[in-house]
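Please examine the sequence and the structure shown here before reading on. The paragraphs below then take up selected helices and charged pairs in turn.

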Amino acid sequence: MKFRRVFVLVLLSLFLVSCSGAKNKKPAEETTTGSTEGAKKVGIIQLADHIALERARKGFVDELEKTNPDVEIISKNANGDLTVVPSIIKSFQDKNVDLIYAIATPAAQGAKNGEKEIPIIFNAVTDPESADLLKNLEAPEGNVTGVSDYFSISAQLEEMISIFPNIKNIGVMFSTNEANSKFQVEELKKSAEGFGLNVVEVGVNNINDVSTAIKTIEPKIDIFMAITDNTISSASTIIAESLKEAKIPSFASEEGPVENGILISSGVDYLDLGKKAAGMASEILGGKKVSEVPVVFSTDTRKVVNKKTAEAIGLSKDEKLMKDAKVVE
């Protein structure tokens, strides 16, 4: 009897641990719009749930539905879990989609690895060549093309220095799992050297490392630069709060982190990038070959400032900071 009771308790413990793990792991989410018989089908795979990627999705969907009102769109969010990417691509294959829209580098890489025929359009990819998505940007050689979110880091540094002329040390955090992020950090270091600036870098494996990582570099930096990195974007609120407490200004490559508390951005607009991707999708769905649709790079930028953060670090009256800026609360 005693052995039986122990055995039952062990089984119950294992069951509870299993349930706990299932609760902590958020499954991939799916939504579907449009279902007209015979209409074109588009599968969207979004790597994670943060502002930049959501804007890239929204801009795409809104624009594609204008130009292709009968299109059926199947959206799936991997919620940051790379292990579900192959199964999402397989589900698109099972549904016979006509095109895949992959948002963020790991999603695009997973799509390319899992599908060789269906056209794939990527977005939120900084350097598609180093990510091994394609080699010829002007005439893509495979089934992959898309929109790059690259924006000159040198241009961002010029803007940064014009506002904060006395900075010497720039802090940057990056995901060690993202090829795009390593590319940006290397470019930042090269560009910063030309301006006589020093870069203090710290890598993180996941979002759980962010709080500790930001504290380790704060004593060494004059300003923080938030690159276009999915982990860093997802943790931008954590980073912003820590920097506000330390009275350290922060600069982002796009608007999303500013809405989460980063001080200023001067960079790309993901809503616009989504619309550009939709235009490419319309061309391909209309009969163009992928090789006839070159990779698009953003040329439109705007300056955005978080008013509350500016007030918290004593910069709300700074004319250089506020000049020509869109202000968010």
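The model is a predicted one, in which local features need pLDDT of at least 70 and side-chain atom pairs count only at pLDDT 80 or more, while totals for chains, interfaces and linings use all residues. Residues are numbered from 1 along each chain as its sequence is written, and side-chain values use heavy atoms, with hydrogens and water left out.

Helices (H or I, at least four residues) and strands (E, at least two) are DSSP runs numbered from the N terminus. In helix α4, residues 105-114, the buried residues are T105, P106, A107, A108, G110 and A111. Here buried means under 20% relative accessible area, exposed over 50%, and partly exposed in between (1.4 Å probe, protein chains only). Those buried residues of α4 pack against β2 (41-46), α3 (85-94), β4 (99-103), β5 (120-125), α6 (179-194) and α8 (230-234).

Helix α6 also meets helix α5 (residues 153-163): their axes come within 9 Å and cross at roughly 55 degrees. Axes are lines fitted to C-alpha atoms, for helices over the stretch in contact, and angles run from 0 to 180 degrees between N-to-C directions. The two helices are therefore oblique to each other, given that angles under 35 degrees count as roughly parallel, over 145 as roughly antiparallel, 65 to 115 as roughly perpendicular and the rest as oblique. On the α5 side, the contact (heavy atoms within 4.5 Å) is made by I153, S154 and L157, and on the α6 side by Q184, E187, L188, S191 and A192.

Charged pairs come next. Side chains of opposite charge can pair when their charged atoms come close. A salt bridge is a side-chain nitrogen of Lys or Arg within 4 Å of a carboxyl oxygen of Asp or Glu, and by this rule the count comes to 15. One of them joins E159 and K303, with an N to O distance of 3.9 Å. This pair links distant parts of the chain, since E159 lies in helix α5 and K303 in strand β13 (residues 302-306), 144 residues apart. E159 is partly exposed at 23% relative accessibility, whereas K303 is buried at 12%.

Strand β13 also holds R302, which is paired with E255 of helix α10 (residues 255-259), so parts 47 residues apart in sequence are tied together. The closest N and O atoms of R302 and E255 are 2.7 Å apart. R302 is partly exposed at 36%, and E255 is buried at 4%. Through shared partners, salt bridges join R55, E255, E259, R302 and K326 into one network.
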